[in-house]
Amino acid sequence: MKPSRIEDRIACVLYSEEVIKRRVGELAKEIAIDYADRGFGKDPERRPILLVGILRGALVFMSDLARRFPMPVEYDLISVSSYGNGTAPSAVRLVKDLERPIDGRDVLIVEDIIDTGFTIEYLKRSFAARNAASVRVCSLVDKIARREKPIDIDYVGFTLEEDAFVVGYGMDYAELYRNLPFIGVLKTEFIR
Ligand code: IMP
């Protein structure tokens with residue numbers, strides 16, 4: 001029996017595997033320059049940055065990004081869910097918290113895609129309240145069409161201007177398609 005191919009459900013590829021790989025490398029370089037003074041030191045000023053990946057979408061991106069850094073980094077994972085009127089989330093709920101405290105740490109939130117901005121706005125507020133030394137945001141995709149919360153995104157991989165629902169490279173539709181190596185748009189017949 002032939003295996004089902006998830007590629008067959010994709011209408012178009014927006015960012016290919018090669019394009020993503022190149023952009024992730026560029027982002028890692030840019031971030032490494034900004035945090036060039038971080039090392040292994042016990043000195044709080046020189047502690048490695050803490051990457052915080054948002055489950056589950058950012059897993060693939062964070063894993064690739066982290067491996068492109070020349071400097072040591074630590075990472076942790078957090079999980080949130082948003083609920084609202086179906087399409088537009090209005091509140092964010094913490095599902096799984098960080099494993100360790102972040103006071104005094106330089107935190108870099110790693111996200112797959114920012115849409116309305118509710119998730120990042122909630123996390124930035126929450127991390128500032130926990131006395132992180134700094135909180136920056138790195139998102140592979142910045143989907144600007146439906147932004148509701150004005151937020152600063154420090155590092156952006158790709159700016160998506162159209163209001164498209166994308167899948168792949170960690171991003172899902174109904175928990176599927178996360179393992180596609182590229183980012184694309186689903187054929188409408190596979191959207192319920
Ligand atoms: P926000 O709070 O509206 O910015 O939502 C961000 C989260 O919504 C992301 O972490 C994704 O999990 C999800 N999301 C938003 N747009 C897309 C998309 O086009 N594809 C897959 N997930 C998306």
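A: Start with the term itself. A nonpolar core is a set of buried Ala, Val, Leu, Ile, Met, Phe, Trp, Tyr and Cys residues joined through side-chain atoms within 4.5 Å. Buried means under 20% relative accessible area, exposed over 50%, partly exposed in between (1.4 Å probe, protein chains only). The model is predicted: local features need pLDDT of at least 70, side-chain atom pairs count only at pLDDT 80 or more, and totals for chains, interfaces and linings use all residues. Numbering runs from 1 along each chain as its sequence is written, and side-chain values use heavy atoms, without hydrogens and water.

Q: What makes up the largest nonpolar core, and which members touch the most others?
A: The core holds 31 residues. Ile31, Phe61, Leu65, Leu140 and Ile183 touch the most other members. Helices H1 (17–34) and H2 (59–66) each supply at least two residues, as do strands S5 (106–114), S6 (134–143), S7 (155–160) and S9 (183–186). H1 gives the most, 6 residues. Helices (H or I, at least four residues) and strands (E, at least two) are DSSP runs, numbered from the N terminus.

Q: Which residues is isoleucine 31 in contact with, leaving aside neighbours within four places in sequence?
A: Contact means heavy atoms within 4.5 Å. On that test, isoleucine 31 is in contact with Ile49, Leu65, Phe69, Leu108, Cys138 and Tyr155. Another core, of 20 residues, lies apart from the largest one. Among its members are Ile78, Val107, Ile109 and Ile114.

Q: How do you know that the length of helix H3 agrees with its residue count?
A: The expected span of a helix is 1.5 Å times one less than its number of residues. H3 (residues 118–129) has 12 residues, so it should span 16 Å. Its end C-alpha atoms are 17 Å apart, which agrees. In H3, Phe118, Thr119, Ile120, Leu123, Ser126 and Phe127 are buried.
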